[in-house]
Amino acid sequence: MALNDNDVELLHAYVDGELPVAECEGIWRRLTIEPDLMAELDRLRADHAVRTMVWTSLEPTDQHVARLEAGVMRATRREDLMDRLHWITRLVTTVAALVLFGFTVGWLGRERYIVSPNLATVNSSSPIHMAAVNGLPQMPPSGTKITVLVDDGSGKPIPVQFDTMDEATRFLHDFRAPQSPAPAGADSPIVPAMDKF
Amino acid sequence: MSMDEKGRQTEAAESTNELFERAVRQHSRRLLAIARAIVGHRASPEDVVQQAFMNLYQHRDRYDWREPGGLMRRTVVNEALRILRQPHMSVLPDEASDQGRSQSPSSHMIESETILHVRRAIDRLPDNFRAALVLCEYEKMSYAQIAEALDASIPQVKTWIHRGRRQLAELLRAYVDQP
């Protein structure tokens with residue numbers, strides 16, 4: 001009886017050990033009564049044996065294996081080195097970016113913090129006081145007020161608010177005028193401060 | 001991160017590297033044979049295997065290196081097939097790869113000739129057929145494992161193996177029929 005393609009495929013699976021036990025039993029039964037099937041199985045096994053020799057002949061020599069292993073180890077060491085370099089580069093870049101960011105924030109915010117509201121009493125003639133007043137922007141953002149604390153003589157600071165810096169400065173000069181000459185080293189009752197500024 | 005965690009990570013990294021090196025030593029011979037069976041003389045099997053190893057090494061932390069055989073086989077097969085798919089593949093000269101192998105020329109002359117013919121016939125098979133055959137017959141992998149390695153279905157693998165063997169038989173018929 002001529003073998004069809006399914007029979008050959010079945011034999012291939014049998015040779016490869018991929019056939020379930022039930023189907024193997026069917027094959028064994030058929031092999032005893034079908035000489036063509038048996039002959040085909042023998043041929044497949046012979047082919048398989050030749051191919052096994054071919055696969056074995058493809059195995060590399062010890063020299064090839066050693067060369068490959070040495071090449072892989074060299075490449076992995078190079079890879080590790082590159083990894084470390086990348087890590088260091090990333091670290092340096094991150095630190096540099098952070099420093100740059102810090103400087104930028106400081107530079108942009110320097111005017112805002114030059115006259116931080118200092119409600120402590122300072123000497124009116126001190127350079128700090130004048131610098132504070134002179135350093136204030138002439139046009140504060142809309143909605144903000146300039147507060148000047150005035151000592152009413154009892155030690156309690158009274159806040160006086162102005163819309164512009166000009167008004168505040170004028171008030172400071174007017175307020176100081178009657179008190180001058182101030183005794184050297186005496187504390188001034190006047191401290192400029194800004195709300196929401 | 002505490003010093004303990006750092007220490008544990010370093011230890012883990014070291015052990016991964018050690019496991020990788022051990023896997024390379026353990027599997028390189030068979031992987032070279034697989035690569036050679038798949039690429040034939042169209043590429044250097046050493047380059048294929050080394051590239052596959054490096055691909056694995058770059059992502060070594062993702063894999064479990066205690067049982068690396070299947071992973072390495074799959075990577076080498078995929079790398080070999082990828083290289084074969086590249087255009088302008090140059091054919092390497094048939095290197096004297098059998099030099100140094102302990103074979104006595106007189107007794108193995110006919111056998112060597114047969115092997116040479118079969119190897120040439122195998123080289124002429126489609127890439128997937130060849131890869132499936134080598135994994136099945138040389139690596140003794142099951143159809144399911146081959147399907148996983150080649151990213152194919154089991155019926156497809158069965159078909160590849162079946163057709164590969166049939167084509168091989170046809171290619172070798174002329175040689176067998178020689179007087």
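Buried residues make up 11% of the 197 residues in chain A, where buried means that 20 or more other C-beta atoms, placed from the backbone, lie within 10 Å of the residue's own. Before I go on, please keep in mind that this is a predicted model, in which local features need pLDDT of at least 70 and side-chain atom pairs count only at pLDDT 80 or more, while totals for chains, interfaces and linings use all residues. Residues are numbered from 1 along each chain as its sequence is written, and chains are lettered from A and ligands numbered from 1 in the order in which they are written.

Staying with chain A, we have 7 helices and 3 strands, taken as DSSP runs, H or I over at least four residues for helices and E over at least two for strands, numbered from the N terminus. The order from the N terminus is α-α-α-α-α-α-β-β-α-β. If we take the contacts in chain A between residues at least 6 apart in sequence, 60% of them join residues at least 24 apart, a contact being two C-beta atoms, placed from the backbone, within 7 Å.

Now to where the two chains meet: 28 residues of chain A are in contact with 32 residues of chain B. On the chain A side, α1 (5-15), α3 (35-57) and α4 (62-108) each supply at least two residues, and α4(A) gives the most, with 11 residues. By class, that side of chain A has 10 nonpolar, 9 polar and 9 charged residues.

Turning to chain B, the largest nonpolar core has 49 residues, and B:Ala35, B:Val76, B:Ala132 and B:Ile146 touch the most other members; such a core is a set of buried Ala, Val, Leu, Ile, Met, Phe, Trp, Tyr and Cys residues joined through C-beta atoms within 7 Å. Helix α1 (residues 3-39) of chain B contributes the largest share of this core, 10 residues. Leaving aside residues up to four places away in sequence, B:Val76 touches B:Leu31, B:Ile34, B:Ala35, B:Val48, B:Val49 and B:Ala52.

Finally, helix α3 (residues 69-85) and helix α5 (residues 127-137) of chain B pack at an angle of about 160 degrees, with their axes 11 Å apart, and α3(B) and α5(B) are therefore roughly antiparallel to each other, a label used for angles over 145 degrees. The contact is made by B:Val77, B:Leu81 and B:Leu84 of α3(B) together with B:Asp127, B:Ala131 and B:Leu135 of α5(B), and these residues divide into 5 nonpolar, no polar and 1 charged.

How values were computed: A residue is buried if 20 or more other C-beta atoms lie within 10 Å of its own, exposed if 12 or fewer, and partly exposed in between; C-beta atoms are placed from the backbone. Axes are lines fitted to C-alpha atoms, for helices over the stretch in contact, and angles run from 0 to 180 degrees between N-to-C directions. Angles under 35 degrees count as roughly parallel, over 145 as roughly antiparallel, 65 to 115 as roughly perpendicular and the rest as oblique. Ala, Val, Leu, Ile, Met, Phe, Trp, Tyr, Cys and Pro count as nonpolar, Asp, Glu, Lys and Arg as charged, and the others, Gly among them, as polar.
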